[in-house]
Structures are given as C-alpha cells and as structure tokens.
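Keep the 3D view open and follow along.

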Amino acid sequence: MRFDIITVLPGLLESPFAHSILQRAQKKGLVEIYVHNLRDYATNKHKSVDDYPYGGGSGMVMQIEPFAACIEKLQRERNYDEVIFMSPDGERLNQTIANGLALHENLIILCGHYKGIDQRIRDLYVTKEISIGDYVLSGGELPAAVLVDAIARLIPGVLSDETSALSDSFQGELLDAPVYTRPAEWRGHKVPDILLSGNQSLIDNWRYEQSLARTRERRPDLLDE
Ligand code: SAH
C-alpha cells in the first residue's frame, strides 16, 4: 500500500515512520510512504504557499495552485483510491474507517496549516475528510501520521502474529483485556494466578470476562451498539 502525504513541513513526518513497526513494514515492502514538500510546487518566486484570506480575518490560507500541481502530478502517475484531507471538521476517525481504508492501494493525504486550505481544493480534489478528534492542532502532519499508523498496522504481514490487530480494542465490540509480563510478583503485587495456570481455555475465558467488564465500565456505548 502506498501513501503520498503532501505537507509544508516534511520534517514533522520524518520520525513517525522511521521506527519500529512502520519502519519494518516499509523495509518489508508492505508499505510505501512518500512525503512531498508543498513548497516544491509553489509557483511564485518566494516559494510561498499561503496568502491572506479573502474577506479579511485572522490567519493565512493555503493556496490552491501548489496543491493542485502536486496532486495532479501524482494522479498522472497512478490511480488513487482517495484524496484525504485531514481536518477537524471531517469524519471522526475510528477503527471502522481505518479498516476500510486498509483495503485500498494508493492514498493521497493533504495536511493543512494556518487557518486551513482554500475551499476549492476541498471541493475539486478531496474525496474524503478525516478528523482525529474534536480538538484543533496546528497542522495536519500529526493527524496524517496517526491515520497512516492506524491503517498500516492492519495490512497483512505488518504486525507479527503475537501482536495481531484482531484482538485489539475496537476490532470487536469489546475493549482489550489487561496484559501482564514478568516479574510474576512486584512489591507484593501479583499477576492474576489464572494467567500462570497454563490452561488456555480458562485464560481465554478470563480475558473475555475482563474485556466485558472493562467495556461495561468504560465504554458501555460500545455494548449498546
Ligand atoms: N480553521 C480550522 C482549523 C485549522 S488548524 C478549523 O477551525 O476547522 C490547521 C490544520 O491542522 C487543518 O487544516 C488540518 O489539516 C489540521 N488539523 C487540526 N486539527 C485537526 C484534527 N483534529 N484532525 C485532523 N486535522 C486537524
């Protein structure tokens, strides 16, 4: 699966993909992530990509020309399933959306900045708008990194069996059960006996009960659904 992320701050996206699971996924050739510097597509001599808002008001607005040039160049090279704009007023990201996007091959992701992007970019190029929650960040880079991580870990082969995504919270209707590792006792606090019992069906039952209890307590809305 291929991600093309368009941003004015490519440096913000260097580290998130250079470690651990996402780094391995790229080395294995399961995921390709390309970060495009919007400034390379600026048409004016100052390489600026934003301007004052028509109608006045605070904050700069990102212009259409650089986005159009970059998106159109990419679209000439291959077909994209979606052009996604990260935006606080988009559809709120959840596991179902991530699962759906993980079935695609090529995604373009646009990162906004300042006051936002010219509405015509959204009208003419964007096919999906996604928010990572009801709060406002200063740019779309961290949201884009969140989205790519959420999608990439679902691609077959990215996670090893031991960390299978299927048992995670939100894949079913239940939150994940608590987890423990060595030591079996720390300052008098013991790991539940059942996890040391070696009886897999008892352990599975216990985990299910714990998941159910945790979901009832923390997210009863998931059970209602
Ligand atoms: N004026 C805009 C916010 C601009 S914040 C508004 O009120 O809706 C600048 C950029 O950061 C946005 O264009 C978007 O790309 C990104 N961003 C901020 N918060 C976000 C969120 N919760 N989810 C996704 N992207 C977000």
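Around the ligand there are 19 residues, and the ones that come nearest are Met86, Gly112, Leu137, Gly140 and Pro143; "around" here takes in a residue whose C-beta atom, placed from the backbone, lies within 6 Å of the molecule. Before going on, bear in mind that this is a predicted model, where local features need pLDDT of at least 70, side-chain atom pairs count only at pLDDT 80 or more, and totals for chains, interfaces and linings use all residues. Residues are numbered from 1 along each chain as its sequence is written.

Which elements give two or more residues to that shell? They are β5 (82-92) and β7, with β5 supplying the largest share, four residues. Helices (H or I, at least four residues) and strands (E, at least two) are DSSP runs, numbered from the N terminus. Sorted by class, the shell has nine nonpolar, eight polar and two charged residues. For that sorting, Ala, Val, Leu, Ile, Met, Phe, Trp, Tyr, Cys and Pro count as nonpolar, Asp, Glu, Lys and Arg as charged, and the others, Gly among them, as polar.

The UniProt record, an unreviewed entry, has its own say: it places the feature "binding site" at Gly112, Ile132, Gly133, Asp134, Tyr135, Val136 and Leu137. Those positions are given in the numbering used here, feature names are shortened, and annotations may be inferred rather than shown by experiment. Take two residues from that list. Gly133 is in the loop between β8 (128-131) and α5 (141-152), and Asp134 lies in the loop between β8 and α5. Are they buried or exposed? Gly133 counts as exposed because it has 11 C-beta neighbours inside 10 Å, and Asp134 counts as exposed because it has 8. The cut-offs are 20 or more other C-beta atoms within 10 Å for buried, 12 or fewer for exposed, and partly exposed in between, with C-beta atoms placed from the backbone.

Now for the interior. In soluble globular proteins, nonpolar side chains tend to be buried together. Here the largest nonpolar core has 39 residues, and those with the most contacts inside it are Ile84, Met86, Ile109, Leu110 and Ala144. The elements that give it two or more residues are β1 (2-7), β2 (32-37), α2 (64-77), β5, α3 (95-101), β6 (106-110) and α5, and α5 gives the most, with six residues. A core of this kind is a set of buried Ala, Val, Leu, Ile, Met, Phe, Trp, Tyr and Cys residues joined through C-beta atoms within 7 Å.

Leaving aside residues up to four places away in sequence, Ala144 touches Ile5, Leu13, Met86, Ile109 and Cys111, where a contact needs C-beta atoms, placed from the backbone, within 7 Å. Val148 lies in helix α5 and is buried because 22 other C-beta atoms lie within 10 Å. β1 and β2 pair in the parallel sense over six bridges, pairing being called when DSSP finds at least two bridges between two strands. Five of the six residues of β1 are buried, so β1 is largely enclosed by the rest of the structure.

β7 turns up again in an open sheet of three strands, ordered β3-β4-β7 with mixed pairing. Its edge strands are β3 (50-51) and β7 (116-117), each pairing on one side only. Strand β4 (residues 61-62) and β7 pair in the parallel sense over two bridges, and Met62 stands opposite Ile117 in β7.

Most residues other than glycine have a negative phi, and most peptide bonds are trans. Tyr114, though not a glycine, has a positive phi of about 55 degrees; Tyr114 is found in the loop between β6 and β7, and counts as partly exposed because it has 17 C-beta neighbours inside 10 Å. Arg187 also has a positive phi, near 50 degrees. Arg187 lies in the loop between β9 and β10 (189-190) and is exposed, with 5 other C-beta atoms within 10 Å. Lastly, the peptide bond from Arg182 to Pro183 is cis, with omega near 5 degrees, and Pro183 is found in the loop between α5 and β9 (185-186).

Definitions and conventions: Two residues are in contact if their C-beta atoms, placed from the backbone, lie within 7 Å.
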